[in-house]
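I opened the model today to look up a few things. My notes follow in the order I took them.

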Amino acid sequence: MLSRAGLALTLILGSATAAAATTTDGTVICPPGSPFCWVEVADPGQPAPPPPVGGGPGTSTGGTRQCVIDRTGVVVPCHSESFGWFNSTDDCYYQLVDQPPPGGDPLWEGRYPDGDIYAVTCVDPLNAPGTNGGWTWLPSPPDGYGATETTPGELGRVG
Amino acid sequence: MTTSKRRSRWSGAAACIAAASLLAACTPDDPGPTTTPPTQTTSPTPSPTPSVDPAIAEAEAAILEVYQGYWDAKVASFADPTQPQDPNLERFAVDTALTDAQSTLFMMQQSGVAMVGAPSLSPVVSDIALGDTGTASIVDCVDLTNWQPVFTATGDSAAAPDQTLRVPTESTAYFYDGRWTVRTSVVHRDTTC
């Protein structure tokens, strides 16, 4: 089973500050699986701090990892209890499913017990117009999983 | 919490039968009330209700309870996205049903949006398959009339224009880790019900 809910969201969103203004910019947000849509405010979030020298958003010079949603520039925590670890390559969080479905589940595609099942939560609405999260089989942990320092994948995106 | 209502397919069927009977009594060909007094009986008439496998009936009740819990958890979580999500969300939902709700919660917080009120539900369960990896289908018509997005800063409506207020949804239930859960929930925003 996934890890407990709880503190997660405030941790996750603490730095993804919501805008106080209600001037809309006309963008309609329709999250996957949601029966409702809303209009985006003109200033949807806190812009990313200036990038470190030699790097762009989502990267650093090899020091402490910084996680940023590419499209919006919003800085987000790299880990939360409920969502898991942020993967800068797709702006999704990955959480290992402790109690995965049985090996006969189609999700495994006959590969059980190789690899693991992760719960994937994607957080950029325009980068994830449909359901592209959920339980996902991976042969090994994704980029950024468990990382507190800049990952090889993030370094590879620089330049 | 929510004003959502539950309805099983059996109660729904009963309602349809009742409605059909009512309609039949109102047709133009209806000769009207007869002069024959209704037959009085002294013993109860055997119930015409079709027999239902008790295990299926039990599973159906459990699935409806879980489905309601899943929606209640979403309503609670979306009411204030700045707070930790309702722990029941992970209890009742798995796979995309869970991660889609979490994605929505995250995006709402980023947009400074919250949901006020509660939806009205009309779930119907079918295709129940029992077993260690049991499954079932749930179709619903989610009524959003009293569950709308607002900007938390001002309370003004954040609803996108021209949205349907009654949205068909198709969900799947999955028997997982010794309990029923909601595994997927797909909405059809481009149509109505």
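Is B:Asp95 buried or exposed? I counted 26 other C-beta atoms within 10 Å of B:Asp95. The cut-off for buried is 20 or more, so B:Asp95 is buried. I note that this is a predicted model.

I then looked up the backbone of B:Asp95. Its phi is near 55°, a positive value in a residue other than glycine. Most residues other than glycine have a negative phi. B:Asp95 lies in helix H4 of chain B, which covers residues 95-111.

I found another positive phi in chain A. A:Glu109 has phi near 50°, and this residue is not a glycine. A:Glu109 is in the loop between E7 and E8 of chain A. I find A:Glu109 exposed, because 9 other C-beta atoms lie within 10 Å.

In chain A I also checked a peptide bond. The bond from A:Tyr112 to A:Pro113 is cis, with omega near 5°. Most peptide bonds are trans. A:Pro113 sits in the loop between strand E7 (92-96) and strand E8 (116-122) of chain A.

Back to chain B for the overall layout. I see four helices and six strands. From the N terminus on, the order is α-α-α-α-β-β-β-β-β-β. Of the 193 residues in chain B, 39% are buried. I took the contacts in chain B between residues at least 6 apart in sequence, and 66% of them join residues at least 24 apart.

Next I traced a sheet. Four strands of chain B form an open sheet in the order E2-E3-E5-E6, with antiparallel pairing. Strands E2 (124-129) and E6 (179-187) of chain B stand at the edges with a single partner strand each, so one side of each has no neighbour in the sheet. Neighbouring strands are turned by 20° against each other on average, direction ignored. Eight bridges join E5 (residues 166-176) of chain B to E6(B). One pair I wrote down is B:Thr172 with its bridge partner B:Thr184 in E6(B).

Which helices lie across these strands? H2(B) lies across E2, E3, E5 and E6 of chain B, at about 60° to E6(B). H4(B) lies across E5 and E6 of chain B, also at about 60° to E6(B).

Last, I looked up the nonpolar core. The largest one has 67 residues, and B:Tyr70, B:Ala93 and B:Val182 are among those with the most contacts inside it. Its largest share, 10 residues, comes from helix H2 (residues 54-79) of chain B. I listed contacts of B:Ala93, including B:Tyr70, B:Leu98 and B:Val182.

Terms used:
Residues numbered from 1 in each chain as written. Chains lettered and ligands numbered in written order. Predicted model: local features only at pLDDT ≥ 70, side-chain atom pairs only at ≥ 80, totals over all residues. Helix = DSSP H or I, 4+ residues; strand = E, 2+ residues; numbered from the N terminus. Buried ≥ 20, exposed ≤ 12 C-beta atoms within 10 Å, placed from the backbone. Core = buried A, V, L, I, M, F, W, Y, C linked by C-beta atoms within 7 Å. Contact = placed C-beta atoms within 7 Å. Pairing = 2+ DSSP bridges. Axes fitted to C-alpha atoms, helices over the stretch in contact; angles between N-to-C directions. Lists of a residue's contacts leave out its neighbours within four places in sequence.
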